[in-house]
Amino acid sequence: MAQSKTDLLAVLAVLKKYNLKGTEDLLKKEASLSDIPENAAGEADVNSVLAAYKSEGDPDIYENSYMDLRRFVEESLDIYRHELGLILYPVVVHMYIELVYNGHEEQAKKFISKFGPEQEYYYQDELAKLAMVTKKDQMSGNDLTDTFKSNSFTIRISRDTLSLLKRHLHEKKASVILNIVNEHLYFDLYEGVARNKAQCDATTGAMVGEARRTENKVKVYYGLLKEPDVQTLVQAPPEEDDDMDPDAPDKPKKKKPKKDPLFSKKSKTDPNAPPLDRIPLPKLKDVDKMEKIKALRESSKRVNLGPDCLPSVCMYTLLNANYTVTCADICEDSSLIAIGFSDSSIKVWSLSPVKLREMKGADLLKEIDRDADDVLIRMLDDRKAETSRVLHGHSGPVYRTAFAPDRTMMLSCSEDCTIRLWSLHTWTCVVVYKGHQFPVWDVRFSPHGHYFLSCSHDKSARLWSTDSHQPLRIFAGHLSDVDVCIFHPNSNYVATGSSDRTVRLWDVPTGNHLRLMTGHKAPIHSLAFSICGRYLATGSADCRVLIWDLAHGHLLAALTGHSASVHALCFSRDGTALATGGLDCCLKLWDFSKLCEDISGENVNVSHNPDVRDGEPYLMRSFPTKQTPFLTLHFTRRNLLLGVGMFEGSAT
């Protein structure tokens with residue numbers, strides 16, 4: 001209390017000094033201070049309050065103060081040293097910014113070249129960008145300096161470590177560092193033993209420090225929605241079943257017990273699932289229900305994967321496409337593939353014997369019986385069927401294509417800042433969505449259709465619906481490009497990965513930010529939710545795949561082994577295996593069910609430092625390709641793994 005009164009008197013003295021009478025009177029009135037003797041605040045008090053706002057000072061103080069702090073960290077006991085070391089990087093950054101701001105260009109350059117290289121390897125890119133800002137006028141509008149000035153750098157720290165640090169700073173009267181600590185750092189305090197090196201390393205690396213534990217407290221309904229009842233349509237199975245089995249009379253008897261477990265399993269309500277009416281979802285038409293039955297039939301023939309039964313892999317290699325292919329996507333039932341090119345075109349191929357047909361002309365459509373069961377098939381023209389189609393419309397490289405769950409439409413996004421919706425009946429663009437002001441890196445359909453998600457260089461992700469030109473939600477909070485986005489299997493949440501090295505989970509109905517996950521040391525390029533909805537796998541340019549538990553926002557495991565950026569992730573249809581593909585031309589298969597068993601066998605550690613598992617025991621197999629980095633991976637309904645990549649042979 002005494003300290004705050006001293007500060008108040010010092011501030012009043014400053015206002016008096018600069019003749020700001022109105023502000024001085026207002027502050028006195030609010031603080032109920034009427035009679036203040038002249039010079040009540042001493043010169044030292046005024047200086048200490050002004051220290052945070054000083055525009056000049058001895059530039060050499062910075063170097064000496066930092067060396068003092070570094071020496072203190074190095075000489076600390078091992079138990080505290082690693083947590084104390086987390087303070088060094090933000091202090092270097094803010095000292096450099098202050099030196100530049102105050103016009104000490106030479107000292108600033110000398111400071112960052114001396115102390116920059118000794119910071120962690122994953123901060124070096126940022127420090128190199130920061131070193132380019134050498135004058136005060138270069139700071140305004142600079143993303144990096146703006147981010148550091150307007151966001152607190154978060155450090156998770158034990159109470160004992162923090163009291164040790166504060167005692168040191170007060171004893172040394174290190175006002176420069178104290179100001180940085182008070183103004184720009186946020187300490188996420190916890191009770192207990194200080195973390196070791198491995199525990200600190202697990203969650204550091206993001207642009208502005210670690211995730212605050214308070215940011216991961218809100219409940220997440222990660223369970224799956226109850227499947228709609230499609231059993232009524234099963235009573236009349238298509239004739240193809242009779243063809244497959246000559247004992248037609250026995251078929252229903254055999255089939256019923258075989259199918260019933262599937263339906264009853266699906267109909268159980270997941271206790272962690274969101275209420276069905278939490279977001280409005282499109283109603284299922286009979287065509288959709290028939291598609292679900294077809295999917296269930298397919299899945300009943302699914303191969304159960306494990307260490308003793310690895311999936312077969314079918315690799316689609318694009319030849320003569322190096323530097324021209326930008327993305328690839330395979331639809332849910334594995335019948336179509338779309339490839340995006342840097343010349344702004346998109347090419348769609350059929351992966352099944354059925355060719356790509358176009359809708360008939362208006363005059364022929366008039367003659368069709370609208371009440372016929374196969375009206376949708378009759379509308380398509382067999383005479384114009386082709387194995388592939390080319391779509392033109394974008395005016396820049398296409399960065400992502402995404403099929404609608406019912407395969408009637410496809411989305412694409414591009415450097416031209418637009419998202420396009422294509423009809424796969426007419427093979428034309430039907431809508432252009434304009435909202436992002438910068439290139440759009442990723443676009444994804446909701447698993448339930450109707451909604452879709454996009455993310456961009458403008459640091460935001462946006463939620464859209466196919467029937468509206470305007471976004472329904474804007475998810476803002478990332479501090480750099482949002483490189484990748486994905487819907488949760490229950491469509492109630494979306495996850496985003498960014499160049500600020502964080503992964504975030506957002507709530508679709510409210511637009512709120514529910515989880516912040518830090519631990520990657522480079523931009524995030526791929527995301528995949530587990531089949532059960534509880535876990536999220538994230539692949540990054542740091543060559544690692546991290547597994548997160550959405551229930552608490554904890555990092556559970558780090559799968560290492562790739563030697564280049566991981567751009568493709570896919571869970572098998574039964575959720576037992578995780579396939580990862582990278583720019584290192586290597587496909588790896590991980591035993592995800594074993595990882596889940598090991599995790600559930602432990603008590604959930606909701607403390608500040610859960611242990612992160614090493615992925616090595618879970619690696620089932622590596623498949624190297626000769627010179628084909630992976631663009632995408634996809635499991636079919638029967639668990640055949642499809643990979644897509646472009647051959648990177650040297651041009652001859």
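The protein chain exposes about 31700 Å², of which carbon and sulfur atoms supply 52%; the areas come from the Shrake-Rupley method with a 1.4 Å probe, and for residues only the protein chains shown count as cover. The model is predicted, so to speak of local features requires pLDDT of at least 70 and side-chain atom pairs count only at pLDDT 80 or more, while totals for chains, interfaces and linings use all residues. Residues are numbered from 1 along each chain as its sequence is written, and side-chain values use heavy atoms, with hydrogens and water left out.

Of the 652 residues in the protein chain, 50% are buried. Buried here means under 20% relative accessible area, exposed means over 50%, and partly exposed lies in between, with a 1.4 Å probe and protein chains only. The secondary structure comes to 18 helices and 32 strands; helices (H or I, at least four residues) and strands (E, at least two) are DSSP runs, numbered from the N terminus. Among contacts with a separation of 6 or more, 60% are between residues 24 or more positions apart, where contact means heavy atoms within 4.5 Å.

Helix α10 covers residues 159–172. At 1.5 Å a residue its 14 residues should span 20 Å, and the end C-alpha atoms are 20 Å apart, which agrees; the expected span is 1.5 Å times one less than the number of residues. The buried residues of α10 are T161, L162, L165, H168 and L169. Seen down the axis of α10, these buried residues fall within an arc of 125 degrees, so they line one face of the helix. The arc is that of the directions from the helix axis to the C-beta atoms. On the face of α10 turned away from the buried side are the exposed residues H170 and E171. The buried residues pack against α4 (60–75), α5 (78–85), β1 (153–158), α11 (175–184) and β2 (185–190). Just after α10, K173 takes a positive phi of about 55 degrees.

Helix α5, one of the packing partners of α10, has Y80, E83 and L84 as its buried residues. Viewed down the axis of α5, they fall within an arc of 100 degrees, so they line one face of the helix. Their cover includes α4, α6 (88–101), β1, α10, β2 and α12 (197–203).

Next come the sheets. Four strands form an open sheet in the order β10-β11-β12-β13, with antiparallel pairing; two strands pair if DSSP finds at least two bridges between them. The edge strands are β10 (398–403) and β13 (428–434), each pairing on one side only. Neighbouring strands of this sheet are turned by 20 degrees against each other on average, direction ignored. Axes are lines fitted to C-alpha atoms, for helices over the stretch in contact, and angles run from 0 to 180 degrees between N-to-C directions.

Within this sheet, β10 is joined to the antiparallel strand β11 (residues 409–414) by 5 bridges. T401 has S412 in β11 as its bridge partner, and R400 stands opposite C413 in β11. The hairpin of β10 and β11 has 5 residues between the strands, and R407 in the turn has a positive phi of about 65 degrees. On to β12 (residues 418–423), β11 again makes 5 bridges in an antiparallel arrangement, with S423 in β12 as the bridge partner of M409. This hairpin has 3 residues between its strands, and C417 in the turn has a positive phi of about 75 degrees. Strand β11 is mostly covered, with 5 of its 6 residues buried.

Another open sheet of 4 strands has the order β26-β27-β28-β30, also with antiparallel pairing. Strands β26 (566–571) and β30 (619–624) stand at the edges with a single partner strand each, so one side of each is left without a neighbour in the sheet. Neighbouring strands are turned by 15 degrees against each other on average, direction ignored. Strands β27 (residues 577–582) and β28 (residues 586–591) run antiparallel and are joined by 5 bridges, with A579 opposite L589 in β28. Helix α18 (residues 592–600) packs on the sheet, touching β26, β27 and β28, and its direction makes about 40 degrees with that of β28.

Towards the end of the numbering, V644 lies in strand β32 (residues 641–646). V644 is buried, with a relative accessible area of 0%. Not counting residues up to four places away in sequence, V644 touches M315, Y316, L318, A328, I330, I337, I339, P629, F630, L631 and T632.
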